[in-house]
Amino acid sequence: MSTRCCIAAWWLLSGAGAVVAATALAPGTALAQSRSEADQLVRVGEYDDAIRAYRRMARTGDVVAGRGLVRTLMEVGRYDDAEKEARALNEAQSPQLSNVLGDVLYHRGRIDGAEQLYQAAIRGASDSVVARLNLAILQYERGERDLAFDGFDHFIDIYNVRADLSAKELTAVATAARYLGTRNAELSKDALRVFDEAAAADPDELETKVRIGELFLEKYQSGDATTTFEEILAVNPSHPPALLGLARTQHFDGSTEAMATVRKSLEVNPNLIPARVLLARLHLETEGYDRALAEVERALEVDSSSPEALATLAAIRFLQGDDEQFEAARLRALARNPAYADFYNTLAEVTARNRLYSEALAFAKQAVALDSQSWRGYGLVGMNQLRTGAVELGRANLEVSFAGDPFNPWTKNTLDLLDTFSNYTSVHSKHFELVLHQDESSLMQIYMAGLADEAYETLAKRYDHRPATPIRLEVYPRHADFSVRTVGLAGLGALGVSFGNVLAMDSPSARQVGDFHWGSTLWHEVAHTFHLTLSNFRVPRWFTEGLAVFEERRAHLGWGADPSVPFLMAYMDGRLNKVSELNNGFVRPEYPQQVVFSYYLASLVCELIQRDWGDQALVDILRAYGEGQSTPQVFQTVLDMEPREFDRTFDRYMRERFTGPLTALRSPHLSDLREGVELSALIPLAAEREQDFPVQLETGRAMVRAERFEEAIPYLERAESLFPEYAGAESPYWYLGVAYRATGDLEQAAAKLTALTAINADHYRAHLELSEVLLQLGDEQRAAESLDAALFVYPFDMDVHVGLAELYVGLGDWRGAIRERRAVVALDPVDRAEAEYQLALVYFQAGDLRQARRVVLRALERAPNFEKALDLLLNVRSRGTGEDGGDRGDSEQ
């Protein structure tokens, strides 16, 4: 395995984390002191007062105050006023105000004029160092990279020759080093060091702090970026660049606060183009195309040639299927910079976020074709190649990306994960390539291959659609590895992901015993393959997730999500999204459980559509999305209903479907129960509130915990009748099963546990408990069915396989017995010879003499004097070669 060092700790040497403190005004001349006061007003966000002070001083010929006036007007987005003031103060066309006037023109997209002004400032202004930086940045962003890097290189000479650089000049040097870092990553460390020098030279200069925060975020250190921006905002809560930087950092971290923060920046500077673009991107993530378009148009009113705004405009048009407008935006963006690789990188990121992975790959390839040093582009190429199944090509491009940008943790983590792929084996079924870890491949293929193919055939018939095969399914025994495969970082809460024809999921070994139902998770992800491919990957997330959960419930009894008390409480509290806004529940959740609730809520939407409009409506919705229709258009076309009208219809459905539970949950005592109530207090409360589900359930549970089983039953039965669909881990069904078993009523115990697993097949203990009860009742068939169901929650308990094998033998189910004995061997027991003998024996009993001979010989290789195995081998030989007996059980693999 190769060793990669992700450069991630260099910033610890920085002093950038020091708190930005307010300082007293420095003494000096009357003029300098007045300017200092104006500077302090800007620093704390008193912009109007600062503008008046600067304007008064600028009228006296104070050039520095004039620059302050123009920069303050720009900071609050008053670009017209800034230009007017700069030109008025520069009537003699002195170079002293050329740089700030150039900045005004640059922000408005008047690049040629800005370039001339920067050149004038370089020739004779006191801020010539800053002007030189601005010119190099202009050249860089116009695609003149050689000229730009010559300009950036010059700052190394400036730094090495001059010892009297001001804070602003040091900030310019550091910014140049930041650009040079795109070609030499080591120079990013120099950039941070010089930024620190600038901050030390003038602790009051907030622009330097902003640049430090941006550098941290650029190098993926969001924690340090957050700290830096928050320190600035502690001094000036209205600082637009710091608010924008914090919003970007929040978005990087997946925080829902990003939208509110970026809007704060726009309250101060409504013409801040990067903030408008970020807000548009946030709207795009919830597929709010109209809102995104409005933000981009506001940005383009400020600068009609803004590359980042035009790239986002192109992304919107592409997602809307408007080829003509997309091409118009593309031509406008590349007119300013024909080598603007980030135009295509933006498209790649947006389309990948919208699950258009093939399109994202194509865009990313165009990015690297334009710029061979677009490390971001190579990373996007590599990631999307992995998502579309081209693993080795993806690895190669990620290596290129990481060589150029060794700070990127997503790239490093993914490459490290790919290094472990040598520990995985591929197993092929009819429709799938299963990529399984070598330590559990022998076991998991026994169950996964058949289930995956069953899912494919079932869904193909239902949707009249057959996605291309083989579908690649990767199964990870470490959740962190699955998370890296999905998003590049550990910590993802999901269990599985679908990229279309490439799926990935946790192995049941990646979680605690009984923590999730791997069988329904697999079915869910296969369903996504159908939904994505049938809709040309244009189905919104809320609908495909809801439909996949609905398909889980239709697949097998007890699979898929079921209603919970917190879900219905959230509904009653108005904390669930309307259907017309349901994407927000997935993309921008406002509380921890909202995503989980949204999955179930979306599945109920599909349940209602199927009930009232039929199965074909679900298919028609997918096809309509595939034709490029928006959600309002889809609802009108397929359901003949506006989304807002459907919201009302669905709300009525929810109230009808959960009438009983909703009534039983309106309890003023619920908060008290959460804090814990003594049994002595619960009993009179339960007598008083017989229609109160939480009170009845908690009383019954308390009785069971006190081993007062007979007394518990009436309370639990009442709770079950109030909310019969509730089958969580602490449901009435579970406690009734315990209580009835304890009192000897095995028939009732079996009935309650059967009801529980029929709603919630995730309940591993319930399956095992039910099997034991059914065996006591002599019902071996149903006992075997319960153990079989448990395997799709957790298949690594050898005792379960042994017990199930014995049950299948007793039932004469040789196929099942062979499967379970194969599973025991796959679990690599201590006495492997015995396990192989038992497998050979069931092959023999099933009449498959060829496999019986093969396996018993393996047992004898391990234990040559194993008497039972020798006897079995003699019996096999006495029965013949077995040539005609190979079709009565699963083949040995």
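In which helix is D153 found? D153 is found in helix α8, which covers residues 145-161; helices here are DSSP runs of H or I with at least four residues, strands are runs of E with at least two, and both are numbered from the N terminus. The structure is a predicted model, in which local features need pLDDT of at least 70 and side-chain atom pairs count only at pLDDT 80 or more, while totals for chains, interfaces and linings use all residues. Residues are numbered from 1 along each chain as its sequence is written, and side-chain values use heavy atoms, with hydrogens and water left out.

**Overall architecture**

- The protein chain contains 47 helices and five strands.
- Along the principal axes, its C-alpha atoms fill a box of roughly 110 × 70 × 55 Å.
- Of the 893 residues in the protein chain, 57% are buried (buried means under 20% relative accessible area, exposed over 50%, and partly exposed in between, with a 1.4 Å probe and protein chains only).

**Negative surface patch**

- D146, D150, D153 and D157 form a negative surface patch.
- Such patches consist of residues with over 30% relative accessible area and no salt bridge, like charges being joined within 9 Å and nonpolar side chains (Val, Leu, Ile, Met, Phe, Trp, Tyr) within 5 Å.
- Asp and Glu count as negative, Lys and Arg as positive, and His and the chain ends are not counted; the place of a charge is taken as CG of Asp, CD of Glu, NZ of Lys or CZ of Arg.
- D153 has a relative accessible area of 36% and is therefore partly exposed.

**Salt bridges**

- Side chains of opposite charge can pair when their charged atoms come close.
- The whole structure holds 74 salt bridges, each defined as a side-chain nitrogen of Lys or Arg within 4 Å of a carboxyl oxygen of Asp or Glu.
- D692 is buried because its relative accessible area is 2%, while R689 counts as partly exposed at 23%.
- In the salt bridge between E836 and R862, the closest N and O atoms are 3.2 Å apart. E836 belongs to helix α45 (residues 832-846) and R862 to helix α46 (residues 849-862), so the pair links parts that are 26 residues apart in sequence.
- E836 has a relative accessibility of 1% and so counts as buried.

**Two buried threonines**

- T420 is placed in the loop between α23 (409-419) and β1 (424-428), and at 17% relative accessibility T420 counts as buried.
- A polar atom of the T420 side chain lies 2.6 Å from the backbone oxygen of L417.
- The C-alpha atoms of T420 and D481 are 9.6 Å apart in space, although the two residues are 61 apart in sequence.
- T757 lies in helix α40 (residues 746-759) and is buried at 9% relative accessibility.
- The side chain of T757 has a polar atom 3.2 Å from the backbone oxygen of T754.

Methods: Polar contact = N/O pair within 3.5 Å; in protein donor to acceptor, adjacent residues only side chain to side chain. Areas by Shrake-Rupley, 256 points an atom, 1.4 Å probe, with all protein chains shown as cover.
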